[in-house]
Amino acid sequence: AVVDGYMARNPLPLWNVVLLLVAALLVGGAVGFFSSRVAFAFGEEIFASLRSRFFRDVLDLPLTTVEALDSGEILSRTTSDLDAVHEVARTGVPETLVGVVTTVVTIAMAFIVNPLVALGTVVGLPLIVLSTRWYVRRAPEVYEAELEAKAALITEATETVRGAKTVSLLGLSDVRRRRFQRAVDRADATSRRPLRLEARWFPAVQLGYHLPVVTVLAIGIPLVGTGAAQIGEVAAIALFMRTIVLPLDDVIYWFGEAQSAIVAFGRILGVPGARGQVQTEERGGSDAAQPLLEMRDIDYTYPGGHRAVDGVSLQIR
């Protein structure tokens, strides 16, 4: 209406336009504030529930099972894995919903303004869908490898620090250093794989939601010449397509982050499954004859003469 009024030398009153824009900004700001509060509270509730459930499941595991696990696995699942889920639940979900609703409503308004010109708004959809399907098929394996490598790195660090005296007494410093370096190299290599995957996915997606602007102009200009569209209609729909670039960008970004969060979520919920499997194995093997390890009058002395164990007898089934 602003563009067509200007072209017809009958522009809309300036104050009407300004007041309408100010009202829209105020309403949008108020709705955004309250939706953010609800979203953050929702995310914190999910996060607290997940953390509580994870610790409860770990404490339910047999002690021997927990001690057999890599310490880095437990630490990574309680820190980086939970953080990934937390960030997506608290910030990603509301921003994705806002982005999707904004995109759908904007495209719908474009068809209301002029259906022929609005056909150009969906030209990038096939490119977005096909490239995203390609990405989703490959993402879980890549992100799982990255999280496992991070867990292995944490394991090497914590076990070396926790067993520092043993490492020093047995002269294992070089061995531990080499193991830690291998873990660092593996974590570095696996962290690059998601970047390479996203570097191939993002350009196709971005082309998909920048292409409609050019297409709308290419369709709209001939239609203006034939009288099937007004200049204001073409300008409005082209600006609509520019407007949804940011919400679409948010949707695509959080969709990528969600792939990592889904893998992390599976690692967190994988603990109860491990518990059930261990308990089943223990029940299944309880009736069978078990080998016996017996030690009598065991002594042990560290290099340098420090006596650690003296006269211990023990039976282990």
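Predicted model: local features only at pLDDT ≥ 70, side-chain atom pairs only at ≥ 80, totals over all residues.
Figure 1. Six aromatic pairs are found in the structure. In the stacked pair of Y135 and W201, the ring centres are 4.0 Å apart and the planes stand at 5°. Because Y135 belongs to helix α7 and W201 to helix α9, this pair ties together parts that are 66 residues apart in sequence. Both Y135 and W201 are buried. The pair of Y300 and Y302 is edge-to-face, with 5.3 Å from centre to centre and 85° between the planes. Y300 has a relative accessible area of 39% and is therefore partly exposed. Y302, with a relative accessible area of 26%, is likewise partly exposed.

**Figure 2. The salt bridge between R53 and D57 in helix α2.** The structure contains nine salt bridges, and one of them joins the side chains of R53 and D57 at 3.8 Å, N to O. Helix α2 spans residues 14-60 and holds both partners, which are four residues apart, or about one turn of the helix. R53, at 37% relative accessibility, counts as partly exposed.

**Figure 3. The salt bridge between D174 and R177 in helix α9.** The side chains of D174 and R177 meet in a salt bridge of 2.8 Å, N to O. The two residues are three residues apart in helix α9, residues 173-226, and are therefore separated by about one helical turn. D174 counts as partly exposed at 47% relative accessibility. R177 has a relative accessible area of 53% and is exposed, because the cut-off for that class is over 50%.

Figure 4. D188 and R192 form a salt bridge in which the closest N and O atoms are 3.2 Å apart. Both residues lie in helix α9, four residues apart, which is about one turn of the helix. D188 is partly exposed, with a relative accessible area of 36%, and R192 counts as partly exposed at 44% relative accessibility.

**Figure 5. The largest pocket and its lining.** The volume of the largest pocket is about 590 Å³. The lining consists of 19 residues, of which M109, V113, A236, F240 and T243 are the closest to the centre of the pocket. Two or more lining residues come from each of the helices α1 (2-7), α5 (80-113) and α10 (231-243). Helix α5 gives the most to this lining, with eight residues. By residue class, the lining of the largest pocket divides into 13 nonpolar, four polar and two charged residues.

**Figure 6. The second largest pocket and its lining.** The second largest pocket holds about 420 Å³ of space. Of the 22 residues that line this pocket, T103, I107, L125, I128 and L248 are the closest to its centre. The elements that give two or more residues to the lining are α5, α7 (125-162), α9 and α11 (245-285). The lining of the second largest pocket comprises 15 nonpolar residues, six polar residues and one charged residue.

**Figure 7. The position of L26 in helix α2.** L26 is located in helix α2. With a relative accessible area of 61%, L26 is exposed, because this value lies over the 50% cut-off. L26 and A89 are 63 residues apart in sequence, and their C-alpha atoms are 26 Å apart in space.

Notes. Residues numbered from 1 in each chain as written. Heavy atoms only, no water. Salt bridge = Lys/Arg side-chain N within 4 Å of Asp/Glu carboxyl O. Buried < 20%, exposed > 50% of the residue type's maximum accessible area, 1.4 Å probe, protein only. 1 Å grid on protein atoms, 1.4 Å probe; cavity = no way out; pocket = protein on both sides within 12 Å on 5 of 7 lines; lining within 4 Å. Points joined across faces, edges and corners; volume = space filled by probe spheres on them. Nonpolar A, V, L, I, M, F, W, Y, C, P; charged D, E, K, R; others polar. Phe/Tyr/Trp six-rings, centres within 6.5 Å; stacked < 30°, edge-to-face > 60°.
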